[in-house]
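The structure itself comes first, and the notes follow by topic.

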Amino acid sequence: VIECNRVYDALLAEHGRQQWWPADERFEILVGALLVQRTAWRNVETAIVELKRRELLDAAILACTPVAVIEECVRRTGFFRAKASRLTKLARFVVAMGGLAALDAMPTATLRRLLLDLDGIGPETADAILLYAFDRPVVVVDTYLRRLARRLAGGDSELADTELRAWVGESIGETPALSELHALVVAHGKAFCRKEPLCNECPMQASCRSAVSVSDP
Ligand code: SF4
């Protein structure tokens with residue numbers, strides 16, 4: 001199978017730097033990671049603009065903001081009642097733990113466990129938070145990475161998450177490159193390696209074992 005750093009180089013050449021995670025400060029990344037579940041980023045942006053406009057994008061302030069007010073801000077992100085409730089719990093968690101600096105001082109495994117205990121935070125969201133908000137060198141395993149790796153390898157079934165982490169980790173270990181890789185894989189999954197892939201236009205075509213040509217039967 002093609003090494004992950006070669007995939008990284010090809011995707012970077014095709015898509016350019018993605019400048020993730022777009023946020024002014026760290027708490028905004030946590031909020032965005034929670035809100036982006038099952039919705040488009042533009043809806044998250046709308047919610048974050050509204051939270052900022054009302055001066056609520058601060059853990060201590062959000063923690064004691066009535067949930068109905070948060071619901072109004074995040075309405076466009078879908079599942080807004082659940083997401084507003086989760087934001088309240090997230091903010092209270094940050095405050096209870098002593099703030100973001102206290103969380104930042106924790107070992108990655110401890111912090112990951114605490115994040116996973118929170119309502120609405122699964123492995124993908126926890127790892128995105130660890131990577132982008134806390135600069136930890138973790139691999140974010142999402143649908144796009146699973147699909148891309150499976151197709152590149154030419155297999156019928158998904159690789160296990162541990163195999164995916166190993167494949168990435170063998171050639172990419174530093175936080176900045178892992179941050180860029182995740183963003184590039186998402187960009188590539190949206191542009192080319194979709195459910196119905198656009199292989200003819202894909203820069204990975206020559207090294208992908210699942211590449212199909214439009215001239216194929
Ligand atoms: S060649 Fe096709 S299947 Fe392979 S990575 Fe590109 S779009 Fe995906």
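Aspartate 127 has its place in helix 9, which spans residues 123–132. The model is a predicted one, and the values below are computed from it. In this model aspartate 127 counts as buried because its relative accessibility is 2%, where buried means under 20%.

**Aspartate 127 and its partner**

- Once neighbours within four places in sequence are set aside, aspartate 127 is in contact with Arg112, Val138, Val139, Val140 and Arg165.
- With arginine 112, one of these contacts, aspartate 127 forms a salt bridge in which the closest N and O atoms are 2.7 Å apart.
- Arginine 112 lies in helix 8 and aspartate 127 in helix 9, so this pair ties together parts that are 15 residues apart in sequence.
- Arginine 112, at 24% relative accessibility, counts as partly exposed, whereas aspartate 127, at 2%, counts as buried.

**Other salt bridges**

- The count of salt bridges in the structure comes to 16.
- Glutamate 50 and arginine 54 form a salt bridge, with 2.9 Å between the closest N and O atoms; glutamate 50 is buried at a relative accessible area of 18%, while arginine 54 is partly exposed at 31%.
- Aspartate 119 meets arginine 86 through their side chains in a salt bridge of 3.8 Å, N to O.
- Because aspartate 119 lies in the loop between helix 8 (108–116) and helix 9, and arginine 86 in helix 6 (residues 80–96), that pair ties together parts that are 33 residues apart in sequence.
- Both residues of that pair count as partly exposed, aspartate 119 at 32% relative accessibility and arginine 86 at 22%.

- The structure holds 1 cavity of 30 Å³ or more, and the volume of the largest cavity is about 60 Å³.
- The lining of the largest cavity is made up of Val139, Val140, Asp142, Leu145, Val168, Leu178, Leu181, His182 and Val185; Val139 and Val140 are also among the contacts of aspartate 127.
- Helix 12 (residues 175–191) gives the most to this lining, with 4 residues.
- By class, the lining residues are 7 nonpolar, 1 polar and 1 charged.

**Ligand surroundings**

- Around the ligand stand Leu148, Arg151, Phe192, Cys193, Pro197, Cys199, Cys202, Gln205, Cys208 and Ala211.
- This shell divides by class into 8 nonpolar, 1 polar and 1 charged residues.

Notes:
Residues numbered from 1 in each chain as written. Predicted model: local features only at pLDDT ≥ 70, side-chain atom pairs only at ≥ 80, totals over all residues. Heavy atoms only, no water. 1 Å grid on protein atoms, 1.4 Å probe; cavity = no way out; pocket = protein on both sides within 12 Å on 5 of 7 lines; lining within 4 Å. Points joined across faces, edges and corners; volume = space filled by probe spheres on them. Helix = DSSP H or I, 4+ residues; strand = E, 2+ residues; numbered from the N terminus. Nonpolar A, V, L, I, M, F, W, Y, C, P; charged D, E, K, R; others polar. Near = heavy atom within 4 Å. Buried < 20%, exposed > 50% of the residue type's maximum accessible area, 1.4 Å probe, protein only. Contact = heavy atoms within 4.5 Å. Salt bridge = Lys/Arg side-chain N within 4 Å of Asp/Glu carboxyl O.
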